[in-house]
Amino acid sequence: GEPLSSQAVASDLGWQRALRLRFGRWQTFVKNRPEFWTFGGFLGLAKRRDWQTETSSSSSGLESLRVLELFSGIGGLRAAFHRACGLAGVQLGSLHEWVPLEASHMANSVYTTNFDIPYAPLLPRDIVRLTPEMVDGADLWLMSPPCQPYTRLGKKSDVGDRRASPLASLMQLLPRLARPPRALLLENVVGFEASESWQKVSATLQRCGYEARQFSLSPLQLGIPNRRPRIYVLARRPAADGRLGARPLEHEFPGRSASERELRTRTLAEYLDPPGTYPDQVPPPELLERLASRGQRWEVVGPESTSSRTFTSGYGAECHNAYRFGPLLRSGEVLPLEHLPEGSEMWPGGRVMRLVERGESVRYLSPDEVLRISGFPEGYRFPESLSMRAQYKLVGDSINVDVVAHLLQFLLFEWTDL
């Protein structure tokens, strides 16, 4: 039925000293019961979906593929799956066996705004608490675990960072599954490939009979005007020709489609909103003045630029590191280097590293523009209740849909028999 106030239910049950001594605190009791969900002070019955086991998923098409979308965020991995099918010329119907798992209620609200969820509400889910029974039998795992333990802007605490624990927990689950996934895709930041976390993932995949390939790729390789270098891991089981474990890091897209692809370099102009759509996307003059006084340079790009800095979750933040979180868009004509502030540098792709002073005609790119650059389909939207900062954070934490789509095209239609 409808969710109820958790506190009211506890009061109606008389959850007093005797019950607390026997079962513990009410909040702990319901949190550990898989038949309940709790969120925002409410309690409800969980609508759990079990994998359909009467037929093999491979016999009835991709619509019946059993997919776990782990760390599902705002739905980038699912959007990439649809895009991959389109690239392969495969018409995709409804996905009946697709289960997203994500701990952020804000990300879940974006996901349910853009995809039909047959078992709503899509609730925050702690991946560390998953059991083998909850994930056994899936054909494909797609995952983009937290990048903070490995990012160059963070402390690089690796396995010592609590945010690395969900991935570690999944690797502990994998050997315990009676029916492990036949394939998986993992995305993370550059630096993950040299981490202790990756060493543990690689060892687990080898122990469980997987062949793995790791790639360092950027949207620039697809002609998209944004760098966003990332590490991607593809794995399949059983391994072909006994090739267990991971191959050396690769830097080109795999598969036949990569060699047949016609590269067209795009400019940022193709992704921008009509002029005047977002008049408020201007950095505060006080912020520009403060950073300029410290000699901190922004990356400034224009509509003609064919490259741009990675948009991170901090984009649009008003703090001393604001210049590190993504580029500013210049309006007006391109100025020669001698007309720019002292210390300016011209970088490939129409990128300029320079001081930005108070009163200059620059702005942030809008969340919709960043969504387009990140490969999300036209019409992808955020709930109206989300602030601009929340939108920037969520898309900055997401993936590049186009890059993942090309990798999934290879994984689904060339490298495995899913």
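At a relative accessibility of 43%, Val 282 counts as partly exposed (buried denotes under 20% relative accessible area, exposed over 50%, and partly exposed the range in between, with a 1.4 Å probe and protein chains only). Val 282 is located in the loop between α9 (256-260) and α10 (285-293), where helices (H or I, at least four residues) and strands (E, at least two) are DSSP runs numbered from the N terminus. A separation of 9.2 Å is found between the C-alpha atoms of Val 282 and Leu 365, which are 83 residues apart along the chain.

The structure is a predicted model, in which local features need pLDDT of at least 70 and side-chain atom pairs count only at pLDDT 80 or more, whereas totals for chains, interfaces and linings use all residues. Residues are numbered from 1 along each chain as its sequence is written, and side-chain values use heavy atoms, with hydrogens and water left out. The average pLDDT (the predictor's confidence in each residue, from 0 to 100) is 88 for the protein, and 91% of the residues score at least 70. Over residues 53-60, the pLDDT is below 50, and this stretch has 12 contacts in the model beyond near neighbours in sequence. Where pLDDT is low, the predicted coordinates should not be read in detail.

In helix α5 (residues 105-114), the buried residues include Ala 107, Asn 108, Val 110 and Tyr 111. Seen down the axis of α5, its buried residues fall within an arc of 160° and so line one face of the helix; the arc is that of the directions from the helix axis to the C-beta atoms. Among the elements covering these buried residues are β4 (67-70), α4 (76-87), β5 (98-101) and α12 (388-396). The N-terminal end of α5 is capped by Ser 104, a side-chain oxygen of which lies 3.3 Å from the backbone nitrogen of Met 106.

Asp 402, in helix α13 (residues 401-415), is buried, with a relative accessible area of 18%. Beyond its neighbours within four places in sequence, Asp 402 is in contact with Arg 83, Leu 222, Ile 224, Ser 374 and Gly 375.

Most residues other than glycine have a negative phi, and most peptide bonds are trans. Phe 71, in the loop between β4 and α4, has a positive phi of about 55° and is buried at 12% relative accessibility. Arg 237 and Pro 238 are joined by a cis peptide bond, with omega about 0°.

Technical notes:
Contact = heavy atoms within 4.5 Å. Polar contact = N/O pair within 3.5 Å; in protein donor to acceptor, adjacent residues only side chain to side chain.
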